[in-house]
Amino acid sequence: MNPLVHVEPGLFIWAIVVFLVLLALLTKFGWKPLLEALAAREETIRKSLDHAQKTKEELERVQQESARILQQARIDAEGVLSRSRSDAERLGAELRQKAREESDAIVRNAQRQIQVETRRALDEIRNEAVDLSVTIAGKLLERHVNRQDNERLIDQTLNAIAASKQ
């Protein structure tokens, strides 16, 4: 018979004993470290996934915060632009008002100067008229009329003109 097909009980027992000893040795020295390595690897993967989840949540929070900050910056920029526009309009109105006031002051000053110059010119004309009339009257009277006589005659004439106008 074929020795490979033939079962001997002693060999069979020794094969089982060797198998059990080998199983115990592999369990103690091979299987436990393998399971521990797998558990450590599983723990590392779990920690990595937790860390990735926390990082993702932190990123979302940072994105929301940056979006909020950006929105606030836009609002602040619009406020600054609005205040700048209103300040520019107010400043323009103030400048226009000052320009009007200055032009009005210049016009009033010019009118005063015109009035002063008009009075001065009228006074000069009056004095020249008086001198001329004194000269004419002196020639007509063939005597010399002094300044006091002339002023008295002018005052009388002006009073007579004023009385006739009323």
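A salt bridge is counted here when a side-chain nitrogen of Lys or Arg lies within 4 Å of a carboxyl oxygen of Asp or Glu. Searching the whole structure with that rule turns up seven salt bridges. In general terms, side chains of opposite charge can pair when their charged atoms come close.

Before going further, a word on the source. This is a predicted model, in which local features need pLDDT of at least 70 and side-chain atom pairs count only at pLDDT 80 or more, while totals for chains, interfaces and linings use all residues. Residues are numbered from 1 along each chain as its sequence is written, and side-chain values use heavy atoms, with hydrogens and water left out.

**The chain as a whole**

The chain has two helices and zero strands; helices (H or I, at least four residues) and strands (E, at least two) are DSSP runs, numbered from the N terminus. Helix H1 covers residues 9-141. Of the 166 residues in the chain, 4% are buried. Buried means under 20% relative accessible area, exposed means over 50%, and partly exposed is in between, with a 1.4 Å probe and protein chains only. The chain exposes about 15100 Å², and carbon and sulfur atoms supply 61% of that area. Accessible areas come from the Shrake-Rupley method with a 1.4 Å probe, and for residues only the protein chains shown count as cover.

| Salt bridge | N to O distance |
|---|---|
| Glu-58 and Arg-61 | 2.4 Å |
| Arg-90 and Glu-94 | 3.1 Å |
| Arg-120 and Glu-117 | 3.0 Å |

Take Glu-58 and Arg-61 to begin with: both lie in helix H1, three residues apart, about one turn of the helix. Glu-58 has 39% relative accessibility and so counts as partly exposed, and Arg-61, at 44%, is partly exposed too.

Further along, Arg-90 and Glu-94 also both lie in helix H1, four residues apart, about one turn of the helix. Arg-90 is partly exposed at 45% relative accessibility, and Glu-94 is partly exposed at 35%.

Then come Arg-120 and Glu-117, both in helix H1 and three residues apart, about one turn of the helix. Relative accessibility is 42% for Arg-120, which counts as partly exposed, and 43% for Glu-117, likewise partly exposed.

Which residues are linked in a network of salt bridges? They are Glu-43, Arg-46 and Asp-50.
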